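Trainee: Please take a close look at one part of this model, the packing of its helices. Then place some single residues around that picture.

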Amino acid sequence: MTKHLIFAVDIGGTTCKLGIFDKNLTRLKKWAIKTDTSDPTGRQLLKKIYDAFIEQCDMLNYKLDDVIGMGIGVPGPVNFDAGIVNGAVNLNWPGKVNVVQLMSEFVDFPVVVDNDANIAALGEKHLGAGKDADDVVAITLGTGVGGGIISNGKIVHGHNGSGAELGHIRVDHEQRFDCNCGKAGCIETVASATGVVNLVNYYHPKLSIQSQLRPLIKSGDVTAKDVFDAAKLGDSFSLFIVEKIAQYIAYLASILSVTVNPKYIILGGGMADAGHILLENVKTAYYQLAFTPSQEGTEIVSASLGNEAGIVGAAGLIKTYIIEQER
Ligand SMILES: [Zn+2]
């Protein structure tokens, strides 16, 4: 029997999701281990991941000789071609970590590494909302805003790996809020969970719209979830905020639609989970904004894999870059 197993790793700040897939991306086993952040060189964590696979393979009677490759997702910027992570704050990796080189000390099959937003997009492309399409954009709306672009079936990395850093497109030209990146006005400052709170605190004193959120806003405890929940109940101020956020996301989507002409623009992350109210508002704003020929046939949809997108995408790295490459 030829090689038929894929190892997949989705490294997060607290846990690492691990999976063994077959070459059609059917999952044979999934489990998780605690993320070891004690070693800033990364070697210790990668060794523990390797050990976890060895242990699992022993139990399942799988042979390392049957492994096609290992795909790894990391929460930090990645130089894809070099296999190097350029620091990852959540992993206590302050400097560069050559993940491919370190893991290759333990294994003799190919190792492919990419950042978490890119693998989430690839996961949605393979098994999720972008299934069967080769041109897909995924926008992750969480604490920050992340993104991944799949064009002609491949992840767009750019010349130094910063392609699809969608969170830092400037959409607020007044630059009212500072971004973590050092600039201001990025979409992350108005369309992430933090961004929602920014907008609430900005508009609430200026508008005379009543809101059931007033006590929470006054005490500084309002969250993005409160805003979406209130909007669903018809709270006018919250609806105003949701429309604002939707306009920013639609603006980003309209830029993407003329740039890469995706079949699907997939909204994922904690904010998208808030339900249809955001999605419907984004669709409405998008169809008003987008250039008609490029929006034809482009659908704005919700992500369907949730937290599983990363591990599926990590396995997808091997399918896309090793298996399909060899055909
Ligand atoms: Zn920024």
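Mentor: Helices (H or I, at least four residues) and strands (E, at least two) are DSSP runs, numbered from the N terminus. The model is predicted, so local features need pLDDT of at least 70 and side-chain atom pairs count only at pLDDT 80 or more, while totals for chains, interfaces and linings use all residues. Residues are numbered from 1 along each chain as its sequence is written, and side-chain values use heavy atoms, with hydrogens and water left out.

Start with helix 8, residues 236-260. Helix 5 (residues 193-203) packs against helix 8 at about 125 degrees, with the axes 10 Å apart. Axes here are lines fitted to C-alpha atoms, for helices over the stretch in contact, and angles run from 0 to 180 degrees between N-to-C directions. Under 35 degrees is roughly parallel, over 145 roughly antiparallel, 65 to 115 roughly perpendicular, and the rest oblique. Helix 5 and helix 8 are therefore oblique to each other. The crossing of helix 5 and helix 8 is right-handed.

Now the side chains. Helix 5 contributes V196, L199, V200 and Y203. Helix 8 answers with F237, F240, I241, K244, I245 and Y248. Contact means heavy atoms within 4.5 Å. By class, that gives nine nonpolar residues, no polar ones and one charged. Ala, Val, Leu, Ile, Met, Phe, Trp, Tyr, Cys and Pro count as nonpolar, Asp, Glu, Lys and Arg as charged, and the others, Gly among them, as polar.

Helix 7 (residues 224-232) also meets helix 8: the axes come within 8 Å and cross at roughly 115 degrees. That makes helix 7 roughly perpendicular to helix 8. This crossing of helix 7 and helix 8 is left-handed. V227, F228, A230 and A231 of helix 7 meet S238, L239, I241, V242 and I245 of helix 8. The tally is eight nonpolar, one polar and no charged residues.

Next, the single residues. K319 sits in helix 11 (residues 309-323). K319 is buried, at 14% relative accessible area. The scale: buried is under 20%, exposed over 50%, partly exposed in between (1.4 Å probe, protein chains only). Beyond four places in sequence, K319 contacts I6, K23, L25, H126 and E324.

W31 is in strand 3 (residues 27-34). W31 counts as buried at 17%. With residues up to four places away set aside, W31 touches C16, K17, L18, G19, I20, A52, F53 and Q56.

C57 is in none, and its nearest cysteine sulfur, that of C16, is 17 Å away. C57 is buried at 3% relative accessibility. C186 is buried too, at 3%.

Last, backbone. Most residues other than glycine have a negative phi. N92 has a positive phi, near 60 degrees. N92 is in the loop between strand 6 (84-88) and strand 7 (93-98). Q175 has a positive phi near 50 degrees, in the loop between strand 11 (154-155) and helix 4 (188-191). N92 is partly exposed at 36%, and Q175 is partly exposed at 36%.

How values were computed
Left-handed = near helix turned anticlockwise from the far one by under 90°. Disulfide = S-S within 2.5 Å.
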